[in-house]
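Please look through the sequence and the model shown here before reading on. The questions that follow take up one topic at a time.

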Amino acid sequence: MEFWQELFARRAERVKASDIREAFKLAERGDIISFAGGFPSPETFPSQEVADVAAYVARAEAASGLQYGPTEGLYALREMIAARLCAQGIACTPEETLITNGSQQALDLIGKVFANPGDGVVVEQPAYIGGLSAFDHYEVDFVGVPMDDDGMRVELLTERLRARQASEAGGRVKLCYTVPNFQNPSGVTLSEERREALVRLAETEEFCIVEDNPYGELRFEGTPKAHIKTYDSLGRVLYLGSFSKVFLPGFRLGYVVGPLPAIQKLAIAKQGADLCTNSFGQRVILECARRGLLEVNLGRAIDVYRAKRDLMLEALGECFPKEIHWTYPEGGFFVWVTLPEGMDAKKLLPDAVREERVAYVSGGACFRDGTGANTIRLAYSQASDDDILEGIQRLGRFLASRL
């Protein structure tokens, strides 16, 4: 082991196992009810329809569907994505679209292409652990901005940028990473006013916004918010999307949309990472879109997740002590729970698994300033209805015993 430790690059020392993965390990036993994994529910997978499409692609398009493809992705799929986004208010072309292995690869490529060691990356507090991990590889300096019920407090970002400039600490702030819709982990949505204000700040302070939107189409109620990129007249926003949460996660198909110079450089970086995203999966997704399966299945998925959210919120109200608070997500996969000050969710987790056989993700790892120890992320997306009711009852009983 000592031999390998000496060979690790300096940046490898920053790479730590995430609390989500550790929670998965605790929940591996079959008798554990787990709210840890923010996975899509298998009941939303249109397995028979996809089997039919896959068989068709394997027969009719085998020569190209089973072969390597262009690094940028299948052009017809990029056309379809660009057309969908244009209909949602994002002006873009297929050439400004890069297909990636999930939006997670897009985050890694953005860090690789844009971040030098010490450069500033603005993140929400709490932030998506996978985003923090992707940028952490490139030795960046995180600038955390607190959130409230309307998302990132953009007025505080201005203060933090001024304080960083005054202290001359670290490199230039280049990126601002945000999950604006039903955020992972908090479930909170960024307000319209703050979306526009964030773009204007990016223009004056000359940084790039990375708008990661895997959950945006999974809205259960309320009015959809305009994408941050719809306010982007000067090309300051990279928009990330994915088919994982709204259709099929196993294909690992995501995309990034942005100004052509950025997309071209990201494509060059992708060549060194994997040459191309899987051709067969791209053609299956494209054919599913042509047959209307994407939209039909999205409606079914929204119904499934809305029912699960409602069930969890109702159970929380009945089973959790009044000293504990939680968010009300209008879509997505997550509820964010805040325990009384002084409680440590990470330290409590092994006891919750042992005593009540229920698991969650402790929220402290979603913060980069040492706060958030008293927070919990609960995912309702994959759990069965019975497990939601039983698991929340168990967790409420456990937390009440620790108050």
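Buried means under 20% relative accessible area, exposed means over 50%, and partly exposed lies in between, with a 1.4 Å probe and protein chains only. This is a predicted model, in which local features need pLDDT of at least 70, side-chain atom pairs count only at pLDDT 80 or more, and totals for chains, interfaces and linings use all residues. Residues are numbered from 1 along each chain as its sequence is written, and side-chain values use heavy atoms, with hydrogens and water left out.

Q: Is Glu 203 buried or exposed?
A: Glu 203 lies in helix α9, residues 192–205, where helices (H or I, at least four residues) and strands (E, at least two) are DSSP runs numbered from the N terminus. Its relative accessible area is 17%, and the cut-off for buried is under 20%. Glu 203 is therefore buried.

Q: Which residues is Glu 203 in contact with, leaving aside its neighbours within four places in sequence?
A: Contact means heavy atoms within 4.5 Å. With those sequence neighbours left aside, the residues in contact with Glu 203 are Tyr 231, Ser 233, Leu 234 and Arg 236.

Q: How many Å does helix α14 reach from its first C-alpha to its last?
A: Helix α14 spans residues 385–402 and has 18 residues. The expected span of a helix is 1.5 Å times one less than its number of residues, and for α14 this expected value is 26 Å. The model comes close to it, as α14 reaches 26 Å.

Q: How much space lies in the largest cavity?
A: On a 1 Å grid over the protein atoms alone, a cavity is a set of points where a 1.4 Å probe fits but cannot get out, and lining residues have an atom within 4 Å of a point. Grid points are joined across faces, edges and corners, and a volume is the space filled by probe spheres set on the points. By this rule there are 2 cavities of 30 Å³ or more, and the space in the largest is about 120 Å³.

Q: Which strand do 4 bridges join to β8?
A: Two strands pair if DSSP finds at least two bridges between them. The two strands in question run antiparallel, and Ser 242 has Gly 254 as its bridge partner. The strand joined to β8 covers residues 253–257 and is β9.

Conventions: On a 1 Å grid over the protein atoms alone, a cavity is a set of points where a 1.4 Å probe fits but cannot get out, and a pocket is an open set with protein on both sides within 12 Å along at least five of seven lines; lining residues have an atom within 4 Å of a point.
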